[in-house]
Amino acid sequence: MTKVLLTAFEPYDRWPDNSSWMSLMELTHWYDGPVELVTRRYPVNLLTMSERLRADLQAGYDFAIHCGQAPGSTHMRLENVGLNLRTDGTEILPDAPAAYRSQLPLSISAQKIRDAGIPAAVSHHAGTYLCNAALYLSHHYSAAFSMRTQSLFVHVPLAPSQVARENSDSPSMSVPMTSAALAILIQSLVASAN
């Protein structure tokens with residue numbers, strides 16, 4: 001059976017909820033596909049997140065799909081590149097590769113999500129904060145410890161409830177829709193591996 005690690009982040013700053021975690025929780029309520037899903041919620045702290053991610057990956061997964069919310073995003077963004085770079089310009093890990101690029105068929109997966117009527121695209125820059133760090137470290141730990149795990153990061157738009165609470169005109173996507181997009185992504189990745 002295919003094993004998938006699904007991670008998301010806890011709330012941060014002014015957000016009492018995190019749409020990435022909301023999407024994972026929604027998905028686990030209804031998903032009954034032929035894949036073992038394991039979810040983890042990480043703190044918004046680089047050191048703690050790094051330690052937990054490293055430990056979690058030791059369980060041996062086929063795929064690690066890391067998720068984070070992206071205020072202002074209009075679509076699901078499948079991130080292709082993880083950089084060894086923090087917001088302050090320093091390296092996440094000294095003496096480690098400058099970047100990792102996903103070898104997964106992200107364009108095919110994004111198209112399948114769009115075919116289901118859900119906006120999605122491949123993105124080539126996950127930023128320089130924890131989202132990028134999760135993607136970079138997931139690739140790095142898998143390579144360093146010769147794990148079979150293939151990793152990617154998905155940026156999820158805000159949920160409508162978050163936008164309503166802010167009384168803003170920011171774009172949003174319903175949690176059932178983002179969870180459906182994640183299920184399509186998982187199915188696409190499993191199909192590509194077989």
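Let's start with one term: a residue counts as exposed when its relative accessible area is over 50%. Keep that cut-off in mind. And remember, this is a predicted model.

First stop, Asp13. Asp13 sits in the loop between strand E1 (2-9) and helix H1 (19-30). Is Asp13 buried or exposed? Its relative accessibility is 76%, so Asp13 counts as exposed. Now look at the backbone. Asp13 is not a glycine, yet its phi is positive, at about 45°.

Next, Ser146. You'll find Ser146 in the loop between helix H4 (130-144) and strand E8 (150-156). Its phi is positive too, about 50°, and Ser146 is not a glycine either. With a relative accessible area of 68%, Ser146 is exposed.

Now let's go inside. The largest nonpolar core has 31 residues. Which residues have the most contacts inside it? They are Ile65, Met76, Leu152, Val154, Leu182, Leu185 and Ile186. Several elements give two or more residues to this core: E1, H1, strand E3 (63-69), strand E4 (76-79), helix H3 (106-115), E8 and helix H6 (175-193). Which one gives the most? H6 does, with eight residues.

Let's zoom in on Val154. Leaving out residues up to four places away in sequence, Val154 touches Ile65, His66, Cys67, Gly68, Met76, Arg77, Leu78, Leu182 and Leu185. Find Val154 in the structure and trace those contacts yourself.

To recap: Asp13 is exposed in its loop, and Ser146 is exposed in its own.

Definitions and conventions: Residues are numbered from 1 along each chain as its sequence is written. This is a predicted model: local features need pLDDT of at least 70, side-chain atom pairs count only at pLDDT 80 or more; totals for chains, interfaces and linings use all residues. Side-chain values use heavy atoms; hydrogens and water are left out. Helices (H or I, at least four residues) and strands (E, at least two) are DSSP runs, numbered from the N terminus. Buried means under 20% relative accessible area, exposed over 50%, partly exposed in between (1.4 Å probe, protein chains only). A nonpolar core is a set of buried Ala, Val, Leu, Ile, Met, Phe, Trp, Tyr and Cys residues joined through side-chain atoms within 4.5 Å. Contact means heavy atoms within 4.5 Å.
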